Amino acid sequence: MQNTECPRTRRAELFVRTELPGPSRKRRTAVETRLQELQCNGVIDGFETTTWAKRIPISGAGDCLERTRYNEFADWARATGACLSPFFGVRTCYSTETGERRKELVLPAMCLVIYEDGELIQVAPFSEDGTPRSIDDCLGELGNAENPAPTGPTTASTAD
C-alpha cells in the first residue's frame, strides 16, 4: 500500500528592524546563516527576511504588516500560554511637533517565526513561565536532531 501522507512543510520568517546597530547587524547575519544551514540540511523548507519598523501606532486606519503580524503572534501566545512581553512593548509616545500623545507598539530588533503547513507554531523571543526563550533557543530546538543546542546563558533583548 502506498503512503498517501503529504510531507510537512516548515518555513521560517525572520523579522528585523529597518535600522540596526552594528552588533545587531552581525547577529542578523549569524541568524540568517544558521537558517541557511537548517534549510540545506532539510530541517526547514525555506526562510525569508522581512524588515519592519521600530514602532507603530497601536491603532490606526488600515492594517499594516507589523500590526497584522503582531496580532497573529498575540493569538499564538494566548493559545500556547506564552508571553510576548517585554520583547514586544507598548509605550506612550509624544510628538513635539503636533503635541499628540498616542500608544505605540515597540517591536523587537529581531523576531523569528516558524510556520508548519502554513500554521504558526513558534515565535521567538517570548517567555514561558517567566523564563525568556530567545531566537537562539528556537534555532537550537530546530537543529536539535543535527546538533545539540548549546548550553549556557542566552541573550534576549527587549523591545527598546
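Tutor: A residue is called buried under 20% relative accessible area, exposed over 50%, and partly exposed in between. The model discussed here is predicted.

Student: Is aspartate 129 buried or exposed?

Tutor: Aspartate 129 lies in the loop between β8 and β9 (131–133), and its phi is positive, about 55°, although the residue is not a glycine. Its relative accessibility is 77%.

Student: Which class of accessibility does aspartate 117 fall into?

Tutor: Aspartate 117 is placed in the loop between β6 (110–116) and β7, and its phi, near 50°, is positive in a residue other than glycine. Its relative accessibility is 43%. The range between 20% and 50% defines the middle class, so aspartate 117 counts as partly exposed.

Student: Which strands stand at the edges of the open sheet?

Tutor: The sheet has 3 strands in the order β3-β5-β4, with antiparallel pairing. Each edge strand has a single partner, so one of its sides is left without a neighbour in the sheet; these strands are β3 (55–57) and β4 (89–94).

Student: Which residue is the bridge partner of tyrosine 94 in β5?

Tutor: β4 pairs with β5 (residues 101–106) in the antiparallel sense over 6 bridges. In β5, the partner of tyrosine 94 is arginine 101.

Student: What is the omega of the cis peptide bond from serine 85 to proline 86?

Tutor: Proline 86 is found in the loop between α2 (65–80) and β4. The bond from serine 85 to proline 86 is cis, and its omega is near 10°.

How values were computed:
Residues numbered from 1 in each chain as written. Predicted model: local features only at pLDDT ≥ 70, side-chain atom pairs only at ≥ 80, totals over all residues. Heavy atoms only, no water. Pairing = 2+ DSSP bridges. Helix = DSSP H or I, 4+ residues; strand = E, 2+ residues; numbered from the N terminus. Buried < 20%, exposed > 50% of the residue type's maximum accessible area, 1.4 Å probe, protein only.
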